[in-house]
Amino acid sequence: AVLFLKSVWAAVYTDPSTLPNAPYTYIIVGAGLGGSVLANRLSANPNNRVLLIEAGPSDTVDPFIPVPFLATTLAPSVVSWNYTTVPQTGLGGRSIAYPRGRTLGGSTSINFMVWTRGPASDFDRLAHVTGDSGWSWNSLRSTLIGVETLVAPPDGHDTTGEINLAIHCSNGPVKISVQDTTALDSRIFNTTTQLAEFPFNEDMNSGNPLGIGWTQYSIGGGQRSSASVSYLTPVLSRSNLDILINTQVTKVVRTGTQGGLPIFRGVEIAQSASGPLFTRNATKEVILAAGAVNTPQLLMLSGIGDSAQLSQFNIQTIVKLPDVGKNMQDHVVLSNVFSVNSNFTNDDIGRNPTLFLNDLAQWGQSYTGPFASTATSEIGWLRLPKNATIFKTVNDPSSGPHAPHYEFIFAFASFVDPPPTTGHFMTIASNLITPTSRGSITLASANPFDAPNIDPALLNSDFDIFTIREGVKAALRFAAAPAWKDYVIGPFGALAEAKTDAQIEAYARNHAATVFHPFSTAFMSPNGSPHGVVNPDFGVKKTVGLRIVDASVLPYVPAAHPQAALYAVAERAAKLIAAN
């Protein structure tokens, strides 16, 4: 099948039976962030033939994907896996929606586009725990910078004092920009001068993110800059790159033995549980880039994992790696909503169809206006005080003194679902950044078309509930600063009823959710370590020909919105693989 894609003629296959018979050098599973980077970089060598397989459709099927303001509409949808967690003990037994991107670009096509590298100490810790100095901040700094092109914000305002140009790039694949101005800006930054616990940070991508600052987004010219747009679009005309969509890899296939280790250079693929199965082999490597949910599921379906788990579903254990699917980590977000004294907030856009259509039309004509920005504005990165009582019994889980424990996310609206039908609001969401809870991905069945059991174990530790509670209290202090005295009326909804520590904890358990950052389910460890799933070169332990390049490999969830860091991880992986 030949499709129009991104205004470029390209052979994008929709039926596995029509793939060329020529052998592939590399087969990449998943066209999200990692898969898009790898497809671009590995196909740059004309001697390589690369097959990129994506379970979902093209990212052209949903016209709202490029529209930054409409990111909240993209799940549930045809471009999401539309997962749901198992009941969460820390959330009072609630099961919550767990969207993951299922389209070209993966979750970069449906996320909220925040662009943060994280603290330098996160990378230095990764170098330490893996025994590979190539993961340090200093080693990766040029890669972190080089993946981006800084462009003007959609509204074209002067960004002097809002970003440090010296630490950004002008010729990388991903377009980034500072947020548009909002009605909250002056009050937010006045608060940083009034309350010392909330300092201003000109650029949180310096390696020291602590403080409140202007948010950078993966938005260029008023449009989403996804991995598909940034890495796939420029190379769609390459004759040595084939893309197969609407097709799921059901397992990786053992194709031989080398040095006593199983070789996995094959994949089994299908388009439905009842449809025909096809197999394709790579001459060099199969690379899993299916994400922190689907990658461990695929490993287990292929006989790689905990033998006790596999035996429950009569799956033969080929490689015993008990840590597959373990160590799952995620950020926990809680939207703290305040009533405000205003005639307009972004709540009005969703309530007024005429206003919505006018704003959408403006975006369609010029890529400007409210829809050229996200529904959120500034963010801030904050730490618990050194004398916090939790540290009497729990070691600090952060990577260092300049790494945050929690985050503020500001929104010029009620950032809750469903939103109030009347009134005007702002949100200061508290986001737990350094969780100590550990969850898991396990099989629900041996059918690859069944969703796995997703248990991020949100708020399952004393540190996590303590920190989210303190994040709520910090948000209340922030909104009580003099800068807000004529604007904030007071806490709204359940937040207004949460007065004591116990009540705030109950409020958190009843209303918190994920901020969609699952990590660490196939985590990296030193060469020769009996723990972990991959080595520092991304190779799956005890195997030949199989690697993983996605969020599952990092042993700790980054203290950041992780896409910027993951681009650097994928770029380093591409260099290591190409050099092999």
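1. Basis. This is a predicted model: local features need pLDDT of at least 70, side-chain atom pairs count only at pLDDT 80 or more, and totals for chains, interfaces and linings use all residues. Residues are numbered from 1 along each chain as its sequence is written, and side-chain values use heavy atoms, with hydrogens and water left out.

2. Annotated site. An unreviewed UniProt entry gives a "binding site" at Asn 111, Phe 112, Met 113, Val 114, Val 249, Pro 562 and Gln 563. These residues span 453 residues of sequence and are also spread in space, up to 29.7 Å between C-alpha atoms. Positions follow the numbering used here, feature names are shortened, and annotations may be inferred rather than shown by experiment.

3. Asn 111. It sits in the loop between strand 7 (97-98) and helix 2 (120-130). Helices (H or I, at least four residues) and strands (E, at least two) are DSSP runs, numbered from the N terminus. Leaving out residues up to four places away in sequence, Asn 111 touches Ala 71, Arg 224 and Gln 563; contact means heavy atoms within 4.5 Å.

4. Met 113. This residue lies in the loop between strand 7 and helix 2. Its relative accessibility is 0%, so Met 113 counts as buried (under 20% relative accessible area; exposed is over 50%, partly exposed in between; 1.4 Å probe, protein chains only). Its contacts include Pro 68, Tyr 217, Thr 374 and Gln 563. Met 113 is not a glycine, yet has a positive phi of about 70°.

5. Leu 459. Phi is near 55° here, again positive in a residue other than glycine. Leu 459 is buried, at 2% relative accessible area.

6. Cis bonds. The peptide bonds from Ala 75 to Pro 76 and from Asp 417 to Pro 418 are cis. Most peptide bonds are trans.
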